[in-house]
Amino acid sequence: QDLLEKGKRALEAAEWEDARAVFQIAIANHAGDPILLDGLSEAAWWLGDWNRSRELRENAYALHRTAGARVEAARAAMWLANEYWVATGNRPAWNGWLERAAGLLAGGDFGSDHGWLVFTRGRRADPAAAEQACLEALAIARKHADIDLEVVTLSQLGRALVSLGRMDEGFARLDEAMAAVTAGETKSYFTVCDTCCNMLTTCEGAGEIERLSQWCKVTDEVGRKLKGLTMYSVCRLNYASVLLAMGRIKEAEGQLNESLEITKKVYPAYTIVMLAKLAELRALQGRLDEAEELLAGNETSAAAVKPLALIRIAKGEPRAAASLIARRLGQLANDLLLAPPLLALLVEAKIDLGEIDAAREAALRLHEFATSTKRPVFTAIAELAAGRVALAAGEQDAWARLDRARELFVSLDMPIEAARARLAMARALSKEDPDAACKGARAA
């Protein structure tokens with residue numbers, strides 16, 4: 001009992017090495033205690049030893065079942081479900097463990113644990129289903145005063161709402177959850193990790209670069225305090241996205257390489273996300289063969305679609321790019337966050353193919369999205385796409401729309417995108433004012 005309490009105190013203090021040492025000593029004398037195995041599993045997870053963490057939790061689950069501890073076994077099953085999904089991308093294992101948890105919680109009043117089950121199911125659903133699951137879980141959390149479930153559900157709800165295009169409402173929930181986390185309201189560090197991750201990934205997807213930059217500073221501090229390799233690696237990816245958008249290429253590359261080395265050890269399934277972002281950076285540098293090498297063997301991954309399309313367009317293969325993008329857009333259903341960057345690339349590919357009407361249709365979809373979300377970054381992307389279509393069609397308003405895009409990108413501190421708009425403006429001037437066009441191209 002003394003060792004158990006000492007181990008718990010070490011976990012509460014985020015002293016993962018100390019916790020691991022204590023629980024290992026305790027387990028050597030009490031190998032059949034699932035509570036000790038749970039504690040050692042948590043310490044191993046934060047230290048980046050995912051395989052060992054999973055093995056320990058599975059053993060703990062079996063011992064909980066033998067002891068008839070249904071709730072504890074269900075909690076272990078839900079934890080394993082999430083980890084199988086995130087770390088290895090194993091959806092059947094995710095589903096199997098969740099079904100086991102549901103069976104264990106069936107027919108009883110287990111307080112907020114049913115809410116955790118609803119939340120865990122909903123977080124992997126499409127945005128509309130996720131919203132409904134979060135609302136149900138939130139009601140359960142508040143009924144049973146489970147602050148961790150309430151906060152992480154608010155965070156997931158915010159992410160779902162943003163994906164549905166309800167930006168202000170969604171970010172209000174995300175900000176609320178982050179405020180609770182930074183104020184120390186929650187008890188579990190896993191809640192802190194999930195809430196920070198939801199905020200950063202949603203900011204990145206929504207093009208909220210300033211908000212992302214601000215929260216990156218907060219989560220970086222949190223990550224350092226928690227000394228957790230898993231959380232730290234994911235935060236590096238989001239911070240790299242900020243640097244990339246701001247044109248700070250070398251710094252972004254350093255963050256990605258650092259994160260990649262950690263992720264390979266901690267979360268193998270997440271490695272492709274890191275590689276895709278690094279491939280995007282290589283494509284931006286014109287190092288196309290290196291970009292392709294980074295994605296070799298993962299060409300069918302959803303994360304690889306954007307960098308692969310960039311590579312195909314740069315190599316003069318717009319039809320292959322358009323085909324890739326069309327397939328991915330067909331999979332997105334009503335998740336609005338993922339569509340704009342792909343639609344912008346589709347405009348480029350269709351223009352290169354000479355299919356101006358199809359390019360215009362994609363640009364109009366971008367405009368509709370920008371109008372509904374009222375986000376400056378999406379407006380800038382839509383204006384750039386519309387300007388490119390107008391330029392390809394020989395329309396008079398091309399230069400004005402491109403200049404509007406340039407102004408917006410400059411105001412958003414996105415110099416590379418501003419340069420792309422400026423280069424398109426130079427092309428628009430190339431016939432009537434070659435000197436001005438050359439100056440514009442040099443500035444780009």
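**Labels and their criteria**

Modeller: Start with Trp85, which is partly exposed, with a relative accessible area of 25%. This is a predicted model, where local features need pLDDT of at least 70, side-chain atom pairs count only at pLDDT 80 or more, and totals for chains, interfaces and linings use all residues. Residues are numbered from 1 along each chain as its sequence is written, and side-chain values use heavy atoms, without hydrogens and water.

Biologist: Why is Trp85 called partly exposed?

Modeller: Buried means under 20% relative accessible area, exposed means over 50%, and partly exposed is in between (1.4 Å probe, protein chains only). Trp85 has 25%, so it is partly exposed.

Biologist: Is Trp94 buried or exposed?

Modeller: Trp94 has a relative accessible area of 7%, so it is buried.

Biologist: What makes Trp85 and Trp94 an aromatic pair, and what kind of pair is it?

Modeller: Rings of Phe, Tyr and Trp (its six-membered ring) pair if their centres lie within 6.5 Å. Planes under 30 degrees apart count as stacked, over 60 as edge-to-face, and the rest as tilted. Trp85 and Trp94 are 5.7 Å apart, centre to centre, with 55° between the planes, so the pair is tilted. The whole structure has 12 aromatic pairs. Ring pairs also link Trp16, Trp45, Trp46, Trp79, Tyr189 and Phe190 into a cluster.

Biologist: How do you know that Arg57 lies over the face of Trp79?

Modeller: A charge sits over a ring if NZ of Lys or CZ of Arg is within 6 Å of the ring centre and within 35 degrees of the ring normal. Arg57 is at 4.2 Å from the ring centre of Trp79 and lies over its face. The charged end of Arg211 sits over the ring of Phe171, 4.3 Å from its centre.

Biologist: Where is Arg57, and why does this arginine count as buried?

Modeller: Arg57 is in helix H4 (residues 50–66). Helices are DSSP runs (H or I, at least four residues), numbered from the N terminus. The relative accessibility of Arg57 is 9%, so this residue counts as buried.

Biologist: Which residues does Arg57 contact, leaving aside neighbours within four places in sequence?

Modeller: Asp38, Ser41, Glu42, Ala76, Trp79 and Leu80 are in contact with Arg57. Contact means heavy atoms within 4.5 Å.

Biologist: Why are the buried residues of helix H1 said to be on the same side?

Modeller: The buried residues of H1 (residues 2–12) are Leu4, Gly7, Ala10 and Leu11. They cover an arc of only 125° around the axis, which puts them on the same side of H1. The arc is that of the directions from the helix axis to the C-beta atoms. On the other side of H1, Asp2, Arg9 and Glu12 are exposed. The buried residues pack against helix H2 (16–29), helix H3 (34–46) and helix H11 (189–205).

Biologist: What makes a set of residues a nonpolar core?

Modeller: The members are buried Ala, Val, Leu, Ile, Met, Phe, Trp, Tyr and Cys residues joined through side-chain atoms within 4.5 Å. The largest such core has 137 residues. Those with the most contacts inside it are Trp45, Met167, Leu295, Leu329, Val347 and Phe409. Helix H5 (residues 70–88) gives the largest share of this core, 10 residues. Apart from it lies another core, of seven residues, among them Phe119, Ala133, Ala141 and Val152. In soluble globular proteins, nonpolar side chains tend to be buried together.

Biologist: Why does Ile140 count as buried?

Modeller: Ile140 has 14% relative accessibility, so it counts as buried. Its place is in helix H8 (residues 127–143). Not counting residues up to four places away in sequence, Ile140 touches Gly111, Ser112, His114 and Gly115.

Biologist: Does Lys374 count as buried or exposed, and why?

Modeller: Lys374 is at 65% relative accessibility, so it counts as exposed. Lys374 lies in the loop between helix H20 (356–373) and helix H21 (376–393). Although Lys374 is not a glycine, its phi is positive, about 60°.

Biologist: What about Asp413 and its accessible area?

Modeller: The relative accessible area of Asp413 is 41%, so Asp413 is partly exposed. Its phi is also positive, near 60°, in a residue other than glycine. Asp413 lies in the loop between helix H22 (398–411) and H23.

Conventions
Helices (H or I, at least four residues) and strands (E, at least two) are DSSP runs, numbered from the N terminus.
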